[in-house]
Amino acid sequence: MNQDDDKFSQGYGDAAEGAGTAADSMPGLDELLRKAELQAQEHHDAWLRAKADAENVRKRAQIDVANAHKFGVESFANSLLPVKDSLEAALAAQNDTVESLRGGVELTLKQLDAVFDKFTLTEINPVGEKFDPHRHEAMTMVEADAEPNTVVQVLQKGYALHDRVIRPALVSVAAPKRSLA
């Protein structure tokens, strides 16, 4: 054996000793498998919890939407109850005069206007305005002194809720003037 062979065998022996130490400190395959299974179980449990949480959020959102549809007009309905009370009180009165009945109706109308104002329900009463097919529905065209396509008469007021037309005004519109020639 020469000097190089001695160095090789000595180095190999050191490496084998080091490998034996590393092999002793490395976990066995069974332990690695057990750790991997535990980790997989933890991930599966976390996934199940997340899935259950998502399902609960979805169900809560459905209930909230259903309640919003069902009770969305609750405040509006509560505001209308005094108007109904006033109308019932007027009907229950026995010996009212025409003036007192008129006063009661005017008061009830004021209550109703206050409710409309509170909920931004506005009248569309376009007499003298230019005809707007988005807010008005022309019922007839009439000859008038006004400019053509001007609303000259409102047959039924329209209403808008937060600037969205919920009922267009039914109107008569000025027709273009005919020439006499």
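## Strands, pairing and core

Strand β4 is joined to strand β5 (residues 164–167) by three bridges, and the two run antiparallel. Helices (H or I, at least four residues) and strands (E, at least two) are DSSP runs, numbered from the N terminus. Two strands pair if DSSP finds at least two bridges between them. The model is predicted: local features need pLDDT of at least 70, side-chain atom pairs count only at pLDDT 80 or more, and totals for chains, interfaces and linings use all residues. Residues are numbered from 1 along each chain as its sequence is written, and side-chain values use heavy atoms, with hydrogens and water left out.

The hairpin of β4 and β5 has two residues between the strands, and in this hairpin H162 takes a positive phi near 50 degrees. β4 (residues 158–161) also runs antiparallel to strand β1 (residues 121–124), to which four bridges join it.

Some bridge partners are listed here.

| Residue | Bridge partner | Strand of the partner |
|---|---|---|
| L121 | L161 | β4 |
| Y159 | R167 | β5 |
| V142 | A174 | β6 |

An open sheet is formed by three strands in the order β2-β6-β3, with mixed pairing. Its edge strands, β2 (136–142) and β3 (151–156), each pair on one side only. On average, neighbouring strands of this sheet are turned by 30 degrees against each other, direction ignored; the axes are lines fitted to C-alpha atoms, for helices over the stretch in contact, and angles run from 0 to 180 degrees between N-to-C directions. Six bridges pair β2 with strand β6 (residues 169–174) in the parallel sense.

In a regular strand the side chains alternate between the two faces of the sheet. Two residues can be looked at in turn.

S172 has its place in strand β6. S172 is buried, with a relative accessible area of 2%; buried means under 20% relative accessible area, exposed over 50%, and partly exposed in between (1.4 Å probe, protein chains only). Apart from neighbours within four places in sequence, S172 is in contact (heavy atoms within 4.5 Å) with T140, V142, T150, V151, V152, Q153 and L155.

V173 touches F131, A138, T140, M141, V142, N149, T150, V151 and V152, when residues up to four places away in sequence are not counted.

The largest nonpolar core has seven residues: I124, V151, V154, A160, A169, V171 and V173. The elements giving two or more residues to this core are β3 and β6, and β6 gives the most, with three residues. A nonpolar core is a set of buried Ala, Val, Leu, Ile, Met, Phe, Trp, Tyr and Cys residues joined through side-chain atoms within 4.5 Å.
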